[in-house]
Amino acid sequence: MTIASPPSPSPQPLRLQPTGWLRYFSFSLDHKVIGLQYIVCGFLFYFVGGALAGVIRTELATPISDFVSRDTYNQVLTLHGTVMIFLWIVPVVNGGFGNYLIPFYVGARDMAFPRLNAVAFWMIPPSGLLLISSYFIGGAAQSGWTAYPPLSLTTPAMGQILWIVSVLLLGGSSIFGGINFIATILKFRQPGLKLMMLPMYCWAMLGTSILVVLATPVLAGTLILLSLDIVAHTGFFNPAAGGNAVVYQHLFWFYSHPAVYIMVLPAFGLVSEILPVHARKPLFGYVTMVYSIMAIVILGLVVWAHHMFTSGTPPWMRLFFTIATAFIAVPTGIKFFNWIATLWQGRLALNSAMLFSCAFILQFVFGGITGVALAQVPFDVHVHDTYFVVAHFHYIVYGGTVFVIFASIYHWFPKFSGRMLNEHLGRLHLALTFIGFNLCFAPQHWLGLNGMPRRVAEYDPQFTLINQLSSVGALLMAISTLPFLINVVMSLLQGPAAGPNPWRALTPEWLTSSPPPVENWIGAAPLVKEPYGYGSTEGRIDVNQARGQDLWRQQP
Amino acid sequence: MRIPSAILTLIAGMALVLLGQWVANDVNWLPVSASTNAPVYDELFRVLLAIGTMLLVGMTGVVVYSLIRFRRRDGDQQDGPPVEGNLSLELFWTAIPAVVVLFLGIYSYDIYDRMGGMTDLNAHGMDHHVAELASVRQSQPGDEERIWGGIAPASGNETVLPVEVTALQFAFVFHYPEQNITSGELHVPTGQAVELRLKANDVIHAFWVPEFRIKQDVIPGQPTVLTFTANRIGDYPIVCAELCGPYHGGMRSHVVVDEPESFATWVETNTPATLS
C-alpha cells in the first residue's frame, strides 16, 4: 500500500465544507452530494410540473374553457413542458445519476472538474425559480415549450424573455455537465480499465454528453437570435421584418430532437445496470449495446425535420427524414431485444426496481411503435400537432424516463442512504403509476386520430368522455407519488440497514459502504473488469465478503 | 406430454399474426373518410396498426411470461446461466427490424406517391414546383412564389376550384376568387379538385380537416398551396392545429361537401350582385 495515512489524525479535523445535512445546501464538490442535489432539486420541480399538468387535465375535464383563463392555460402548458424537460428529466437522468455513478464506474474519487460540476448544479435552482417566478411578474411565456415565432414574438415580451434566459442558463448547465462527463469517462478511468469494460451507463452518458455538447449550443444561439427579434426588433425569424419562421423550427429541432435522446439514452444506461443485478445474469450483448448507443447518437442528429412535415418542407427532405427517423428503431430495437434476452432464464427478483424497469420496456416499446408510425410522412400529416403526438411523447419521456428514474431510486436508494425502501409500498407505487399512466395517455391516441389538436383549452364536446378518462388517469398518477414519498420518508427515519451491497451486485459503487465515504472507497479503488459477471460458477468470490482489494488483486 | 417449445413458438407466432390481421381489418379508430386520399391513408394506417399490434403484444407477452416463469423463489441465491450474448441471435434481431423499417419506408413512400406527395420530387427537384401550379400562375400573374403543400390530386387535368384561405387570429376566411365570394365556412363540391391557396396574416396556424386526412401549416411569409378532392357529402370540422394564441382551441370552422348541383346553388345564392 502506498497510501500514506495522516501521522496524527486530530479528533476534529478542520473542514472547508460543511458536513451533515448542511452539505446538501452548500457548494459541495463531492460528486455524490451534487448527484443527490440534482435528484432532490429535480423532484421538487417534478411536483411543480405535475401540479401544472393537473391544471391542464382539470381544464380538459370539460370541453369549454372554464377552469383558468385562456392566457393562463397557455402559460401553464408552456411551463409544464419546460419544467418537466429542462428542470426534471434532463437534470436528474444526466446530472443526478450521472454525477453519483460515473466516478464510481470509472474508479475515480470525483468528477474531472469538481468546481465546474458544482457550478453546473447551482445554475439550476435560480434559473428554475426565475422561470416559475415569470408567472407572477407579468405572466409566463405563452408560446409553448417550442416558442415558435411569430407567436413568441407577439405574446407578452417579459415572460418570453425570462423563459429564454432561464432556458439559456439551463442549457449552459447541461453543457458544463456534458464536458465534465466526457472528460471523466475518457480520462479518469483507473489504469487497466479499458473502455469496453465500463458499465453500460458510462457509454450511455458518453453518447448523451456528445449530443449535449454538439446540439445545445445551437439552441442557445437560436434563442439569442429570438431574443434579439423580441427586444431589438431584428428580423431573423419575423416574417413581417423579412425573416423566416421556418428557419427557427430547423434550428430549434436540431437541438430538441437530440434532446429526446439526451433524456432517454441515460435511462437506457440505467436500465442496463438494473436488469442484470436483479435478473442475476450478465447483460446480454454488451458490444451490440455499445454500438447501438453510438448509432442512436449519430442518427439522432439527422432526424430533426420529422417535426416539420407540415411546415412546407420540400419532398426530398421528407423522404430523407422519414427513412433516417425510422432507422433509429433498429439500434433501439436491438437494445430492447437484448434486455429481454437478459431477463430470459434469469432469476428475476420481482422487486420495485425490476418491475419499474419492465414497465419502462413495455411503455417505451409502445412509444417507439407510434414513433415509427409518426416518421411516415403520410401518417404524420394527419396526426401532427394532435393528441396522438402528445400521447406518443409522453410514452417516450414519461414511460421511457420517469419510470426509469423511479426504478433507479428503488435500486440505488440503499446506496444513497444506507437504508432499504419498503417493497410493498414500492409495488403499490408501481401499480398506481402504471394504471394511471396508461389510463391517462393511451386514450389520447384515439383523440388525436379523431380530430383533437394539442394545446387547446376547449374542444369538440364529442371528446368529453375520453378526456375525462384521461383526467382520471392523471389524478391516479398524482396519487401514486404519495406511497413513494411516504416510503422515502419512513425509510430515511427507520428503514432497515442496507449494508454495503444488498443486491449482491458487482459494479463498483456497491463495493464500498452505504452511504460511501467522501472519496468513495477507503483504500484502493476496486478494478472491476467484468461489471456483469453474474452466473459464472467457477472461481467466484462471495461479493458479500469481498473487499475492493480482493477484486483489485484478481487479475488474470 | 411435453409439447416442444418450437411448436409452442410457432403457435404463438400464428396467433400474433391472426391478431394483427383482425386488428387491421375489424378495428376502426379513424373518423369517416371523405376525400380521395383518405382511403389511401387508411390503408397505410391499417398496415402500421397490424405491425404495431403484433410487436407490442409479442413483446408484452415475452416480458410478462419471463416475469412469471423466471421469477426468483424465496431464499434462492443462485444466479442465472452466464450467457453474455449470441451473435447470430443479435444479427437476427438487427436484421428483422431493419427489413421491417425498410419495407415500411418504401411502402409509405408508395402511399405518399399515390396521395400525390411525390409529384414534385419526380418532376426533377424542388425548384420547378411553381411551374406545375399553372393555375396559380394564370389567375394571379406576378404573384409571389408559393410553397407547395405536399398533397396533390392524383390526376392534374381536371378543372380545379381555387379557394383563397386566410388564417388569422382566430379564424379562417375563405375567398372564392372566380365567384368573388367571401365566406367563413368552406363549401366544396364532390369529385372536383379544390386548390387551397393558404396564407397567414399574423402567426403560424395549421389547416386540418381530420376527415380528409390533410393538414398544412399556414406560415406567415410563406404562401402555400394545398389540394384535395372531397368525395363524401357531409359537414366536417376544420381545425387549427398549431398553437396560435389564447383562443387557439376556439379557432374552428367547417367544410360543407355538397353534390355539384347543390354547390352550384350555393354559389349562385352567395355571389354578390354586380353592376353590369
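Predicted model: local features only at pLDDT ≥ 70, side-chain atom pairs only at ≥ 80, totals over all residues.

Student: What makes the radius of gyration of chain A agree with that of a compact globule?

Tutor: The radius is taken over C-alpha atoms, and the globule rule is 2.2 Å times the number of residues to the power 0.38. For 556 residues a compact globule would have a value near 24 Å, and chain A has 24 Å, so the two agree. Along the principal axes, the C-alpha atoms of chain A fill a box of roughly 75 × 50 × 45 Å.

Student: How many helices and strands does chain A have?

Tutor: Chain A has 17 helices and 0 strands; these are DSSP runs, H or I of at least four residues for helices and E of at least two for strands, numbered from the N terminus.

Student: Why is A:C202 called buried?

Tutor: A residue is buried if 20 or more other C-beta atoms, placed from the backbone, lie within 10 Å of its own, exposed if 12 or fewer, and partly exposed in between. A:C202 has 26 such atoms within 10 Å, and therefore counts as buried. A:C202 lies in helix α7 (residues 200-231) of chain A. Buried residues make up 59% of the 556 residues in chain A.

Student: Which residues does A:C202 touch, not counting those up to four places away in sequence?

Tutor: They are A:I102, A:Y105, A:V106 and A:I185; contact requires C-beta atoms, placed from the backbone, within 7 Å.

Student: Why is α2(A) called oblique to α14(A)?

Tutor: Helix α2 (residues 70-106) and helix α14 (residues 387-417) of chain A pack at about 40 degrees, with their axes 11 Å apart. Angles under 35 degrees count as roughly parallel, over 145 as roughly antiparallel, 65 to 115 as roughly perpendicular and the rest as oblique. The angle of about 40 degrees therefore makes α2(A) oblique to α14(A).

Student: Which residues of the two helices meet?

Tutor: A:I89, A:V92, A:V93 and A:F97 in α2(A) meet A:V397, A:T401, A:I405 and A:S408 in α14(A).

Student: How many residues does each chain bring to the contact between chain A and chain B?

Tutor: Chain B brings 78 residues and chain A brings 78 residues. On the side of chain B that touches chain A, α2(B) gives the most, with 13 residues.

Note on methods
Residues numbered from 1 in each chain as written. Chains lettered and ligands numbered in written order. Axes fitted to C-alpha atoms, helices over the stretch in contact; angles between N-to-C directions.
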